[in-house]
Amino acid sequence: QKRHSLWLSREHDLILLRDLSFKERSVSYIMTLSNSDSQKNVVATCKCVPHHCLSHDWLSLLEKLGSMDVLVKHKSPVLDILSKFENRDYIHVLIASHQDNEYPKIRFCFPRFGITVELRGNDLICQEIAGYKLSLCQQIQDSLRGFDKYLTLEHTQDTNEVMLLAPCGIVETK
């Protein structure tokens, strides 16, 4: 869980989201600001700075804005499933800046857990655990009674291997 400080650049029409510490200058997100058609409202687009660019100077990041993924507000049945593992407010939905096919590349990130799943076709592939995707069935029958804050992953090669992801911390039962 990370909080950010906001830094406004009127000259560049953007807001930088940086670490709270003044000495820590790495930028995590850049919000570009522009006027809407009516000129009364400001439209903000939030770009996610890739991990390998976090140490770059913020001015040099402006040249890379076109290649950064966009953080979006998103409603879908996928979030209903993922929100049983993590509070919906903490799930980041990113649309890739470049697309390889006709479908948008969508990633669901759990920053507090360091886990990301990417929508590929009909599968949600886990990027950190190679060879695993979210199982179609997210309920383990007749076990873990009262505990439902978990996700089940299955191996992508149909080996019947199943993995259970559960947040570390205090377990609360209903």
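The following dialogue explains how to read several computed features of this predicted model.

Q: What conventions apply to the numbering and the atoms?
A: Residues are numbered from 1 along each chain as its sequence is written, and side-chain values use heavy atoms, leaving out hydrogens and water. Because the model is predicted, local features need pLDDT of at least 70 and side-chain atom pairs count only at pLDDT 80 or more, whereas totals for chains, interfaces and linings use all residues.

Q: How many helices and strands does the protein have?
A: Helices (H or I, at least four residues) and strands (E, at least two) are DSSP runs, numbered from the N terminus. Here there are two helices and 12 strands, in the order β-β-β-β-α-β-α-β-β-β-β-β-β-β.

Q: How many disulfides are found?
A: A disulfide is a pair of cysteine sulfur atoms within 2.5 Å. The whole structure has zero disulfides.

Q: Is Cys109 buried or exposed?
A: Buried means under 20% relative accessible area, exposed over 50%, and partly exposed in between (1.4 Å probe, protein chains only). Cys109 is buried, because its relative accessibility is 11%; Cys137, at 48%, is partly exposed.

Q: Which residues lie nearest the centre of the largest pocket?
A: On a 1 Å grid over the protein atoms alone, a pocket is an open set of points with protein on both sides within 12 Å along at least five of seven lines, and lining residues have an atom within 4 Å of a point. Tyr29, Cys48, His51, His92 and Pro111 lie nearest the centre, among 31 lining residues.

Technical notes:
1 Å grid on protein atoms, 1.4 Å probe; cavity = no way out; pocket = protein on both sides within 12 Å on 5 of 7 lines; lining within 4 Å.
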